[in-house]
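Here are my notes for you, as numbered points. Please keep the model open beside them as you read.

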Amino acid sequence: MSLILLLSLVSWVPATGTTTCLDHTEVPPEENRTGIPVLMYHHVSDPVNGYYGISTGRLYRDLMLLDEAGFYLIMPSDLENGLIQVPSSRRPVMITFDDGWQDNFNFIHTGDGWEIDPSCALAILEEYCSENPDFGHGATFFISWDKVPFGQEQHVTDKLNLLLDMGYEIGNHTDRHGDFTRLPRSKWSDSVLLAMDKFHRRLGLRTQQISTIAYPGGRLPRDAGAEEYLAGLNFMGQSALRLGFLANGSISSMGGMCGSL
Ligand SMILES: [Zn+2]
């Protein structure tokens, strides 16, 4: 299984209260799926890297399948805006990239200087979306700071800013990628806010645009008040987190998903 399907990962929306909280413990049967599917990618490379990795051709094909099945790309901020840009003939889907791997966003040096590597995930997404404007545009890149985000230290600041310039969203994947179910409660705050500090060093005021989290390992402790605790964290005078994403299922192909339209 190379692709993780996250079904309606919105676990709380204190900012608006308009999104339905869904049971995130089980992948619901197809007939009961009412949420917005969220696809979480990790490595995108040739050759495929690791259990959750996929090839570049697979990413392109996934985009094509989603497009042909009538989906439309949205990002977390669109939820707060009521999804007004989604055409009535289409259905929203979210694409996310976890961890900040270099193959997600790579620069290569050419005769003209540094350019976006045409085989990285970002370039593939850009290519598909520019050729197929009816599919919409956008993705969320969840960054953890246990490694250099996107792998090229000298380009980290440029890459993070460029992602926002290009209309993508950046999410918090914590400082050390620690699983909240294993971290002591006393470390939860650092896990989120030390990552925000590091974003702030690279993005300045634009850090306020980061307000979503993908929980490392896709888990959050049950019955520990973790969501409420995390929702109460502040950074730069505003909530550090407004949306949380939990991985709660996996599929090997999107056939069932596209067929459920
Ligand atoms: Zn991760």
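**Notes on the predicted model**

1. Helices here are DSSP runs of H or I with at least four residues, strands are runs of E with at least two, and both are numbered from the N terminus. P76 counts as buried because 21 other C-beta atoms lie within 10 Å of its own. The cut-offs are these: 20 or more other C-beta atoms within 10 Å make a residue buried, 12 or fewer make it exposed, anything in between is partly exposed, and the C-beta atoms are placed from the backbone.

2. Two housekeeping remarks before going on. Residue numbers start from 1 along each chain, as its sequence is written. The model is predicted, so to speak of local features a pLDDT of at least 70 is needed and side-chain atom pairs count only at pLDDT 80 or more, while totals for chains, interfaces and linings use all residues.

3. Which residues does P76 contact, leaving aside its neighbours within four places in sequence? They are T140, E169, T212 and L243, where a contact means that the C-beta atoms of two residues, placed from the backbone, lie within 7 Å. G138 is 62 residues from P76 along the chain, and the C-alpha atoms of the two are separated by 9.9 Å.

4. D78 is also found in helix 2. This residue counts as buried because it has 20 C-beta neighbours inside 10 Å. Not counting residues up to four places away in sequence, D78 touches L83 and Q85. The C-alpha atoms of D78 and P92 are separated by 9.8 Å, with the two residues 14 apart along the chain.

5. For the overall picture, the protein has 7 helices and 13 strands. Of its 261 residues, 40% are buried. Among contacts with a separation of 6 or more, 68% are between residues 24 or more positions apart.

6. The largest nonpolar core has 54 residues. Such a core is a set of buried Ala, Val, Leu, Ile, Met, Phe, Trp, Tyr and Cys residues joined through C-beta atoms within 7 Å. Y41, V93, A121, F141 and V192 have the most contacts inside this core. Helix 5 (residues 185-203) gives the most to it, with 5 residues. As for A121, its contacts are Y41, V44, L59, F97, D103 and N104, not counting residues up to four places away in sequence.

7. How do helix 1 and helix 3 meet, and at what angle do they cross? The axes of helix 1 (residues 56-68) and helix 3 (residues 121-131) come within 10 Å and cross at roughly 35°. An axis is a line fitted to C-alpha atoms, for helices over the stretch in contact, and angles run from 0 to 180 degrees between N-to-C directions. From helix 1, T56, L59, Y60 and L63 meet A121, I124 and Y128 of helix 3. By class, this contact has 6 nonpolar, 1 polar and no charged residues.

8. Strand 5 (residues 107-110) and strand 6 (residues 113-116) run antiparallel and are joined by 4 bridges. They form a hairpin with 2 residues between them. Strands are said to pair if DSSP finds at least two bridges between them. In strand 6, I116 is the bridge partner of F107, and E115 is the bridge partner of I108.

9. D46 and P47 are joined by a cis peptide bond, with omega about -5°. P47 is found in the loop between strand 2 (37-41) and helix 1.

10. M236 is not a glycine either, and has a positive phi of about 55°. M236 is found in the loop between strand 10 (234-235) and strand 11 (238-239). With 10 other C-beta atoms within 10 Å, M236 is exposed.

Methods. Ala, Val, Leu, Ile, Met, Phe, Trp, Tyr, Cys and Pro count as nonpolar, Asp, Glu, Lys and Arg as charged, and the others, Gly among them, as polar.
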